[in-house]
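Have the sequence and the coordinates open as you read.

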Amino acid sequence: MDESTDPVSGLPWLGADAPALQGLVADGRRMLFAEIALDRFVGLVDGLGEDTAGRALAVAADRIAAFALPQGRLWRLRGACLLLATDAPEALADPEVWAQRLLAELAAPLSVPPYMLEINGSIGLALFPDDAPTLAAALSAADRALYAAQRSGVGRALRHAASGVAGRSVPVFTHALAKALARDELELHYQPFVDAADGRIAGVEALLRWRAPDGRLLAPPQFLPRAEQLGLMRGISGWVLDRVIADARHWRRAGFDDLRIAVNVSTVQLLEDDLVNQLEARLAAADVAFDQFEIELSESTLLRDVDRIRDTLRRLRSCGVGLTLDDFGMGGAGLVQLPRYPLSKIKIDRDFVGEVAHDQGQAAIARAIIAMGRQMHLKVMAEGVETEAQVGYLRRADCDQLQGFLFSGPKPLADVDPLLRQRYLRPELFAQGAASRTLLLVDDEENVLRALQRVFRRDGYRVLAASRVQEAFELLASNEVQVIVSDQRMNDVSGTEFLGRVKELYPRTVRLILSGYTDLATVTEAINKGAIYRFLTKPWDEEDLRHHIREAFRTWEGLQ
């Protein structure tokens, strides 16, 4: 490995590879630069030593490279900071959404034997030449954006000048925004959401975009705050309603009569005295029904002019319009506000979905929101769904609807029609029925796993096997497991600790320890807390072991 390559991460050093970096933008093509910092890395060095921290950095770099390749290049910049350059279409089209997907990939536990480490990241973004006219300016902009992201909290991604003024003067940006409607530069993209029972497309959410004069596709946070200051919201909101109604008419004529369309309505619109009358006239002219629509509200909207907004919402609800509270738990309204409004659905924010299949805290929040929705007769939808494990866990927690990149990202109207004709998205994720008797074996010794599988397959069980705790959680999320048998001494975590986490996430499972290692105090404590049902020893007697597993399944059946 030559001096231009970092011996720890295996990546080229940025300074030594400057000509390659310069070559990426030599022809002026658009390029997204993402400066990525691994958060809490200094604490990792202090706690586990430089060798383990270095291996963690290498594993994290491999994961980032796997996400970005083949259309990205990665360098080590300094310390625990990397630079990624990419011209992937999805990154250029919506840098913030792309960066959130990268953060989600990075947040999954890293296997650095004998540890499973969680290392979040922060990202600063700059788009060349949109945000800066030169390479040096773009790198500087990404660096400033990273600093701002780290100051705003762990696991954040921010784009330089995210207000949309990036690389331009405020007057130029303002003038362009004021002309956006007249120039027909606004677009609607639609992101499907599916029924959690079978993957059937239940509806689509309308998402506003602005195709700015310089070619950038801007998301609402990048231009709507300025539009509100300029008094443009009434015109923009009216355009959105007209466009959504026209598209609803298109889908109705195409035979998709039952398709629900969710649209964000601004506080300004809800405060208009004639909103319901306006909507009624527009729908009648287009021959579209009220009950095809769901209106999405932010929690902050519920805190504005409460009586007027509540009256408008009641009128809309009486007409058959669905009312959805978006990003529940992230705003300031709180639980006390929910019963005061005629809501029909609440959405679990993506911040509570990312690690729902593995993290006790996120799982508890998601379960609590779903249970509350059930009690209040509200549908519950989870957004930001990106993994099969999330699907499995949320379905088992009785979530009603799912939305996220695992199914589809936002798409223009022409690209949505083929999806609607499919009727179902990722049907293979919903095809598995609950097995009558499923047994999960967890042991980091492959020969032990194989031996146990041979023993239990003769009894007709559906046998799943995992050599790592992370893999076990993935299987638990995606399968209906009744009985779990875990080794006690594993590399990443002890069996009693693993089954203690399982008890919180999957309390209806029957959990057993099978181990040649006996720490009586630990095992006794786990049994007393209900984390494990029984402790069995290695080497095992085959008939005795089969008997105990039969009894475990009978115990599970008796608890139902």
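## Ground rules and overview

The model is predicted, so to speak of local features we need pLDDT of at least 70, and side-chain atom pairs count only at pLDDT 80 or more, while totals for chains, interfaces and linings use all residues. Residues are numbered from 1 along each chain as its sequence is written, and side-chain values use heavy atoms, with hydrogens and water left out.

The protein chain has 20 helices and 22 strands; these are DSSP runs numbered from the N terminus, with helices being H or I of at least four residues and strands being E of at least two. Of its 560 residues, 51% are buried, where buried means under 20% relative accessible area, exposed over 50%, and partly exposed in between (1.4 Å probe, protein chains only). Take the contacts between residues at least 6 apart in sequence: 68% of them join residues at least 24 apart. A contact here is heavy atoms within 4.5 Å.

Five strands make an open sheet with mixed pairing, in the order 2-3-1-6-7. Strand 2 (72-78) and strand 7 (157-159) sit at the edges with a single partner strand each, so one side of each has no neighbour in the sheet. From one strand to the next, the twist averages 20 degrees. Two strands count as paired if DSSP finds at least two bridges between them.

Inside this sheet, strand 1 (residues 31-38) and strand 3 (residues 81-86) run antiparallel and are joined by six bridges. F33 is found opposite A85 of strand 3. Helix 5 (residues 95-107) lies across strand 1, strand 3, strand 6 (121-128) and strand 7, at about 150 degrees to strand 6. For that angle, axes are lines fitted to C-alpha atoms (for helices, over the stretch in contact), and angles run from 0 to 180 degrees between N-to-C directions.

## Strand 9 and its partners

Strand 9 (residues 201-211) is mostly covered, with ten of its eleven residues buried. Which strands does strand 9 pair with? Strand 8 (residues 186-195) is one of them, running antiparallel to strand 9 over nine bridges, and L188 has L208 as its bridge partner in strand 9. Five residues separate the strands in this hairpin, where G199 takes a positive phi near 85 degrees.

Strand 11 (residues 260-264) pairs with strand 9 in the parallel sense, through four bridges, and A262 of strand 11 stands opposite E205. Strand 10 (residues 217-218) is antiparallel to strand 9 and joined by two bridges. Here W210 has L218 in strand 10 as its bridge partner. Strands 9 and 10 also form a hairpin with five residues between them, and G215 in the turn has a positive phi of about 100 degrees.

## Covered helices

Helix 17 (residues 469-478) is mostly covered too: seven of its ten residues are buried. Those are V469, Q470, A472, F473, L475, L476 and A477. The cover over them includes strand 5 (115-117), helix 14 (388-396), strand 18 (438-442), strand 19 (462-466), strand 20 (483-486) and helix 18 (495-505).

Over in helix 20 (residues 542-559) you'll find R546. Is R546 buried or exposed? R546 is buried, at a relative accessible area of 13%. Leaving aside residues up to four places away in sequence, R546 touches V455, F456, R458 and D459.

Searching the whole structure turns up three cavities of 30 Å³ or more. On a 1 Å grid over the protein atoms alone, a cavity is a set of points where a 1.4 Å probe fits but cannot get out, and lining residues have an atom within 4 Å of a point. Grid points are joined across faces, edges and corners, and a volume is the space filled by probe spheres set on the points.

The largest cavity has a volume of about 90 Å³ and is lined by R200, I201, A202, F256, D258, L259, L420 and R423. That lining splits into five nonpolar, no polar and three charged residues. Nonpolar covers Ala, Val, Leu, Ile, Met, Phe, Trp, Tyr, Cys and Pro; charged covers Asp, Glu, Lys and Arg; the others, Gly among them, are polar.

The second largest cavity holds about 40 Å³ of space. L241, V244, I245, V263, L279, F293 and I295 line it, and the seven are nonpolar, with no polar and no charged residues. Helix 9 (233-253) and strand 12 (293-297) each supply at least two lining residues, and helix 9 gives the largest share, three residues.

Technical notes
1 Å grid on protein atoms, 1.4 Å probe; cavity = no way out; pocket = protein on both sides within 12 Å on 5 of 7 lines; lining within 4 Å.
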